[in-house]
Amino acid sequence: MKPDDSVVSDEFLNAFVDDQLDAAEKSQAFDGIGHDEALKERVCELRGLKEMVRHSYEHPPVRNKSAGKGLRLRAPYLPALAACLLLCIGGASGWFAHAWTGRGGEPEMMRLLQSVQRNDASGEPQKILVHVGSSNPVRLKTALDETESLLDSYRRSGRKLQVEIVANGGGVDLLRADVSPYAMRIGLMQEKYPDLDFMACGQTIKKLQEKGVDVQLLPHIGVASSALEQITLRLKENWVYIKV
Amino acid sequence: MKILSLFSRSHVFHDQLEQSRVRLYRVAYSWSHDAALADDLVQETLSKALKNHGQLRDQEMLNSWLFSILTNCWRDHFRQHREMADIDEIEDYRCVHETTPEDEHAQTQIVGRVRGAVANLAMGQRQVLTLVDLEEFSYAEVASILEIPVGTVMSRLCRARRALKEMLQELAPVQSAHISQIRRVK
């Protein structure tokens, strides 16, 4: 790499021609070139080659086509713009739809219906697991309302629907005889729809009992060892899971 | 206002890309010696650049970033042709038709001869040579664009120029006087 070597390497001369040497190396190179005609010749040759290559590609042939080049790059903007517009429209309609359906548990119903419709084509009996984890009365009511309207609509159209309502945490209140605000309604629903089951979480009951609460469940309410286990089991059996 | 500035920024970026088109095309052509292929490669490069705009952290690096993308597009192009074994060692006759712009009639002209000679270089050498000579990238930049060590850049460049010199002498022994005339000019 050094110019005072007996033979100056081509790499060094290339770097000189391409202006890749630092100041010190460059002045060494100039020194060498000034004193050595052969070296000068080699440098000239390399410079000539470089210039020739540059000259040869100054005006590369252009592909024959009628479309203007500038226009083609703009194309990606159009889908982006369309996507933005759609997003705005979607956002706005979502906002208004929310205001329209914003009463408590309606979104749950939509989710229920959507999942049911999605799996409806198979012709097999639908199996839906409704998970209630909160004692919020609105949620409890929603769970019962939507389950009932679904069972009803299935019965009217002559299709089979199996629903299991699993309650844990605060949701167990729904199934406790002394606490449930819907004891009577649950009883009526059980009578009306034999394919409707209620399960309470064994763990939650255990915890309540540890706290000294006397847990009395409504009649015909099953107790799962734990809600989580029950949900996992049902998911494995391809049930549709909906959390209210 | 934020949205507006976002639009104007992307507009500036778009203009920058458009300005790079000619230079990208020149290099793509020098690699492929096929106007249609070069045009496709550039278009793909610019599309990818637009799509991945967010990946460019430093605007100063735009140029070498674009050429990195071009390199990847070029590599991808060969990946689609399974019979091509090693891109670095690939010889041009395999991928470019013999009668491309460097047709026989152009062989008598200096431009045609040089292009023909460059086309005959191994691909790795050709890439290094054109990036250094046409785009004046530093060796370090070329190393990063092609993802090879700087030492490899230097040795490939050296071999490329040596081969080019031999080929140009071989190709037109009768016209050597013409070449030396150019040397004198420089």
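Residues are numbered from 1 along each chain as its sequence is written, and chains are lettered from A, with ligands numbered from 1, in the order in which they are written. Because the model is predicted, local features need pLDDT of at least 70 and side-chain atom pairs count only at pLDDT 80 or more, whereas totals for chains, interfaces and linings use all residues.

Confidence is expressed as pLDDT, the predictor's confidence in each residue, from 0 to 100. The average for chain A is 79, and 77% of the residues score at least 70. Within chain A, the lowest mean, 48, belongs to helix H4 (residues 69–74), and the highest, 92, to strand E3 (residues 196–201). Two stretches of chain A keep a pLDDT under 50: residues 1–6, with 12 contacts beyond four places in sequence, and residues 100–105, with nine such contacts. A contact here requires the C-beta atoms of two residues, placed from the backbone, to lie within 7 Å. Where pLDDT is low, the predicted coordinates should not be read in detail.

Chain A contains 10 helices and five strands. Of the 244 residues in chain A, 28% are buried. A residue is buried if 20 or more other C-beta atoms lie within 10 Å of its own, exposed if 12 or fewer, and partly exposed in between, with C-beta atoms placed from the backbone. Among contacts in chain A between residues at least 6 apart in sequence, 71% join residues at least 24 apart.

Helix packing in chain A may be followed from helix H1. Six of the eight residues of H1(A) are buried, so this helix is largely enclosed by the rest of the structure; the buried residues are A:Phe12, A:Leu13, A:Asn14, A:Ala15, A:Phe16 and A:Val17. Helix H1 (residues 10–17) of chain A crosses helix H3 (residues 37–56) of chain A at roughly 55°, and their axes come within 10 Å. Axes are lines fitted to C-alpha atoms, for helices over the stretch in contact, and angles run from 0 to 180 degrees between N-to-C directions. H1(A) and H3(A) are therefore oblique to each other; angles under 35 degrees count as roughly parallel, over 145 as roughly antiparallel, 65 to 115 as roughly perpendicular and the rest as oblique. Their crossing is right-handed, a term for a near helix turned clockwise from the far one by less than a right angle, anticlockwise being left-handed. From H1(A), the residues A:Leu13, A:Asn14, A:Phe16 and A:Val17 meet A:Arg42, A:Val43, A:Leu46, A:Arg47 and A:Lys50 of H3(A). The residues of this contact comprise five nonpolar, one polar and three charged, where Ala, Val, Leu, Ile, Met, Phe, Trp, Tyr, Cys and Pro count as nonpolar, Asp, Glu, Lys and Arg as charged, and the others, Gly among them, as polar. Just after H1(A), A:Asp19 takes a positive phi of about 60°.

Further along chain A, A:Lys127 lies in strand E1 (residues 126–132). With 18 other C-beta atoms within 10 Å, A:Lys127 is partly exposed. Not counting residues up to four places away in sequence, A:Lys127 touches A:Gln162, A:Trp239 and A:Val240. A:Asn238 counts as exposed, with 9 C-beta neighbours inside 10 Å.

The contact between the chains takes 38 residues from chain B and 29 residues from chain A. On the side of chain B that touches chain A, helices H1 (2–32), H2 (35–51), H5 (110–119), H6 (123–133), H8 (150–171) and H9 (176–185) each supply at least two residues. That side of chain B divides into 21 nonpolar, six polar and 11 charged residues. H6(B) is mostly covered, 11 of its 11 residues being buried.

Conventions. Helices (H or I, at least four residues) and strands (E, at least two) are DSSP runs, numbered from the N terminus.
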